[in-house]
Amino acid sequence: MVDQRRQSLRRKYLSLGLGELAAAAVFAAVAVGVVMPRLEGSRDSAALWSALAPLLVILVQAGVYWLLARGWVELEPMPARLAALYRVFRVLDVLLLAIALLGVVIWSPDHSGAAVGVVAVWAFGVVEYVNYFVARLAYPLRRWPFEVGKWRRPQLVRDLNSAR
């Protein structure tokens with residue numbers, strides 16, 4: 001029974017990990033291949049990359065976390081060194097988001113559509129940070145309205161709290 005649960009969680013974590021890494025790759029590819037050619041000037045590009053960089057960093061951290069968690073899920077707590085690293089990420093990501101916001105403001109695109117897009121990308125980075133380090137925001141669509149308001153602790157935070 002425990003082994004079945006572990007295998008089920010390992011499959012789920014594999015899906016989550018690969019999904020986050022794929023999302024990071026898609027965001028980067030779309031930015032380079034679709035959005036960048038439509039932007040006007042280096043200021044717009046700098047604003048986009050300022051917004052996009054922390055989102056990509058957080059998505060990659062999350063993807064790696066889920067893939068690594070497959071090794072300890074249902075067996076033992078998160079390894080202490082890895083927990084220490086993710087505690088550092090928790091602080092550095094906030095700094096990265098703040099610096100990125102400064103870049104977004106400094107290089108804010110002149111066109112309202114581009115400006116809204118850049119701010120939306122940065123805001124999505126904030127949402128991902130909150131989802132992994134503050135409160136779980138990701139739920140199946142049908143359950144989302146009922147679950148999100150409960151502000152449950154994300155699995156990463158639970159793993160950090162239980163680390164040896």
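**Exercise 1. The cavity**

State how the residues lining the largest cavity divide into nonpolar, polar and charged.

*Solution.* The lining holds seven nonpolar residues, one polar residue and no charged residue. In this division Ala, Val, Leu, Ile, Met, Phe, Trp, Tyr, Cys and Pro count as nonpolar, Asp, Glu, Lys and Arg as charged, and the others, Gly among them, as polar. The model is predicted, so local features need pLDDT of at least 70 and side-chain atom pairs count only at pLDDT 80 or more, whereas totals for chains, interfaces and linings use all residues. Residues are numbered from 1 along each chain as its sequence is written, and side-chain values use heavy atoms, with hydrogens and water left out.

Step 1: identify the lining. It consists of Ile 58, Gln 61, Ala 62, Tyr 65, Tyr 86, Tyr 132, Phe 133 and Leu 156. A cavity is a set of points on a 1 Å grid over the protein atoms alone where a 1.4 Å probe fits but cannot get out, and lining residues have an atom within 4 Å of a point.

Step 2: assign the lining to elements. H2 and H4 are the elements that give two or more residues, and H2 provides the largest share, four residues. Helices (H or I, at least four residues) and strands (E, at least two) are DSSP runs, numbered from the N terminus.

Step 3: give the volume. The largest cavity has a volume of about 30 Å³, and one cavity of 30 Å³ or more is counted. Grid points are joined across faces, edges and corners, and the volume is the space filled by probe spheres set on the points.

**Exercise 2. The nonpolar core**

Determine which residues have the most contacts inside the largest nonpolar core.

*Solution.* Step 1: define the core. It is a set of buried Ala, Val, Leu, Ile, Met, Phe, Trp, Tyr and Cys residues joined through side-chain atoms within 4.5 Å. Buried means under 20% relative accessible area, exposed over 50%, and partly exposed in between (1.4 Å probe, protein chains only).

Step 1: The core has 36 residues, and Tyr 65, Met 78, Tyr 86 and Leu 156 have the most contacts inside it. H1, H2, H3, H4 and H6 each give two or more residues to this core, and H2 gives the most, with 12 residues.

Step 2: examine Tyr 86. Leaving aside its neighbours within four places in sequence, Tyr 86 is in contact (heavy atoms within 4.5 Å) with Gln 61, Val 64, Tyr 65, Met 78, Phe 133, Leu 156 and Leu 160.

**Exercise 3. Helix H4**

Step 1: locate the packing. The buried residues of H4, including Trp 122, Tyr 132 and Phe 133, pack against H1 (2–35), H2 (42–69), H3 (80–106) and H6 (155–162).

Conventions:
1 Å grid on protein atoms, 1.4 Å probe; cavity = no way out; pocket = protein on both sides within 12 Å on 5 of 7 lines; lining within 4 Å.
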